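Thank you all for coming. Please have the sequence and the model open beside you, and let us walk through them together.

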Amino acid sequence: MKRRRLMKRHIEEGIVKAMMALSFLLVAGSLGIILMTVIVKGLPALNLAMLTQTPKGGYYLGKEGGILNAIIGSLYLAGGATLIALLLSLPIALYLRSYVRNARRADIVRLAMDVLWGIPSIVYGAFGFTIMLALGLRASLLGGIIALALLEMPIMTRAIDEVLRMMPVDLEQASFALGSTRLETALYVVIRQMLPGIVTAVLLAFGRGIGDAASVLFTAGYTDRIPTSLLRPVASLPLAVFFQLGTPFPEVQARAYASALVLTVIVLTVSLGSRWLAYKLGKYAIK
Amino acid sequence: MPAKFIALSSRTRSTEASLPRRRASDFLAGKAFSLFALLPPVIALAMLIALLLRARPILAIKPIWDLLTGETWKPLQGEFGFFPFIVGTVWVTVVSMFLAVPPCLLTAIYLAEYAQPAVRTVTKPLIDLLAAIPSVVYGVWGIVVIVPWVEDYIAPFFGRWLGRSIPLFAVTNPTGFSILAGGIVLAVMVAPFIIAVTYEVMHAVPEGMREASLAVGATRWQTIRYAVLPRATPGIIAGVVLGSSRALGETMAVLMVVGNVAKVPSSIFDPAYPLPALIANNYGEMLSIPLYDAALLGAALILLLIVLVFNIVATLVLRNVIGRPVE
């Protein structure tokens, strides 16, 4: 009887383990299939002209041209938004780390951050559009940057806040003991020590920003030209994928796959690059 | 105090300033930073108020209950019933959670309790990669792989065996653009998130509880089931709620595979038209139609309110469990 119970327990253990292995394979397999799909579908349609030319006449019917407008546009959008988000995020994170005295206030700021983080990007797009209407802006690079910066700000702040919590307290206290103010400690000790993590956080937000379509859909517009001013509309890679896939022509759809491949490569490079950079910058931190 | 002793950095600029000046800049920076820290709550409130104001024209004319339960969406005739869209959103989200939660929990349990450290170090970046893939790429994958798969294999299979007796699986839609396709794509999209939260939550359970259980002769699975999981359950539920709020708001990937038909669905093989897709497909066009703009921003408002409630509750629970946000 006892033996049988023992047996049963071990069988149960085995079944659960098998199910776990299956689940794990399912998740890892999904990632593999997604990457495979994008590569297999995208690679044949990818060529140099795609990357170095803007759309020529009849591009959306399958004629010549490329998606340089979308590549540059996405870099402008995400670059500008990341810069603005950083200018907002770093002070907030430093405030939470070094200045806040009232724990309740810190809690409220963090809760608001978490809430903003969870708001869907389409809502940021709609909100960005209402801001633009209020300012009298049309769909433009500036509008897109505003909406994306709002979207990226909570992602970046949460990540930097998280990083700054890892700051060794002794190091900070050593700085205070030498007589430096909170600001000096924050700028010359905390930021320097935590630079690898901060860079990772910034690149994380950049990656999210460059891949987001719904927030730039109404705010940035779409154009075949590379914008020359902040007030011009701008193309973006996610929308390039979306619009080209929506055409009925197989040649253009193939270009959508190629665009998706370009976008994936950029995002994965940023994601992997941030790890590498964090590792490189880690040398300057005091262990 | 001689300021030159503050040789913390190679920069000497700040060390040459006089003490009152350094104190003043510290004070001013503190004030400025605290103003920046007001931004998150202010932005959240501003969003709510802006959407409320912009949706007011339609809220002023139609009773809110009629809007939420109205089944016809004919902007040209001034009929704005959100019911099909709300139901579509709920269906897609529920299907995705149904598909995502069991494998995600098992994967997270595996990673937290069974996996060798080497497996963990390889897996974490992989899951981060899955989270980094843009939604439009998931959409491409959905169109290329999932939609044909549902159309050619899943739908015929269910149609033959279960469709006649269970309406949930009835197949009337000839294409694969369906709730199921949207649910599958969403399930993969939220998987990294749910895995990460569950992993963190299980990690936060004190090691002593496992040791006590193993010491009295329990197997690993018994330990997990009777010692670890009961403690982790609130956190896991909060993680699933957060995951579903991400799924609710996901726009592009779902829009691309879900069919976008404004009708109340009755089977997982029917097309649906979730709220985010409604906004994305129509906003910016035809804003000359009266109330259309207000109705679409009303849809955004509904979405925002649902997500706010989900997020606040789940965040408060998670904060008690692991004490920090999960990315």
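When I speak of helices and strands, I mean DSSP runs, numbered from the N terminus, where a helix is a run of H or I of at least four residues and a strand is a run of E of at least two. With that in hand, chain B has twelve helices and two strands, and along the sequence they follow the pattern α-α-α-β-β-α-α-α-α-α-α-α-α-α.

Before going further, a word on where this comes from: it is a predicted model, in which local features need pLDDT of at least 70 and side-chain atom pairs count only at pLDDT 80 or more, while totals for chains, interfaces and linings use all residues. Residues are numbered from 1 along each chain as its sequence is written, and chains are lettered from A and ligands numbered from 1 in the order in which they are written.

Let me begin with the overall form of chain B. How does the radius of gyration of chain B compare with the globule rule? The radius is taken over C-alpha atoms, and the rule is 2.2 Å times the number of residues to the power 0.38. The radius of gyration of chain B is 25 Å, well over the 20 Å that the rule gives for 327 residues, so chain B is more spread out than a compact globule. Along the principal axes, its C-alpha atoms fill a box of roughly 85 × 65 × 35 Å.

I will call a residue buried if 20 or more other C-beta atoms lie within 10 Å of its own, exposed if 12 or fewer, and partly exposed in between, with C-beta atoms placed from the backbone. On that count, buried residues make up 48% of the 327 residues in chain B.

Next come the domains, whose bounds come from an automatic or database domain assignment. Chain A is given domain 1 (2-45) and domain 2 (52-284), with 33 Å between their C-alpha centres. Chain B is divided into domain 1 (19-61) and domain 2 (64-321), and here the C-alpha centres lie 32 Å apart.

To ask what touches what, we need contacts: two residues are in contact if their C-beta atoms, placed from the backbone, lie within 7 Å. In chain B, nine residues of domain 1 are in contact with ten residues of domain 2. Within chain A, six residues of domain 1 are in contact with seven of domain 2.

Now to the meeting of the two chains, where 77 residues of chain B are in contact with 75 residues of chain A. Which element of chain B gives the largest share of the side that touches chain A? That share, 20 residues, comes from H2(B). For classes, Ala, Val, Leu, Ile, Met, Phe, Trp, Tyr, Cys and Pro count as nonpolar, Asp, Glu, Lys and Arg as charged, and the others, Gly among them, as polar. The side of chain B that touches chain A then has 52 nonpolar, 15 polar and ten charged residues.

One helix to look at closely is H5 of chain A, residues 121-135. The expected span of a helix is 1.5 Å times one less than its number of residues, and because the 15 residues of H5(A) should therefore span 21 Å, the 21 Å between its end C-alpha atoms agrees. Its buried residues include Val123(A), Ala126(A) and Phe129(A), and what covers the buried residues of H5(A) includes helix H6 (141-164) of chain A together with H2, H9, H11 and H12 of chain B. Just after H5(A), Gly136(A) takes a positive phi of about 75°.

Leaving aside residues up to four places away in sequence, Ala300(B) touches Val123(A), Ala126(A), Leu51(B) and Ile279(B).

Let me finish with two single residues. Is Phe242(A) buried or exposed? Phe242(A) is found in helix H10 (residues 237-245) of chain A, and it is buried because 24 other C-beta atoms lie within 10 Å. Not counting residues up to four places away in sequence, Phe242(A) touches Ala213(A), Val136(B) and Met252(B). Asn260(B), by contrast, sits in the loop between helix H10 (252-257) and H11 of chain B, and is partly exposed, with 18 other C-beta atoms within 10 Å. Phi of Asn260(B) is near 55°, a positive value in a residue other than glycine.
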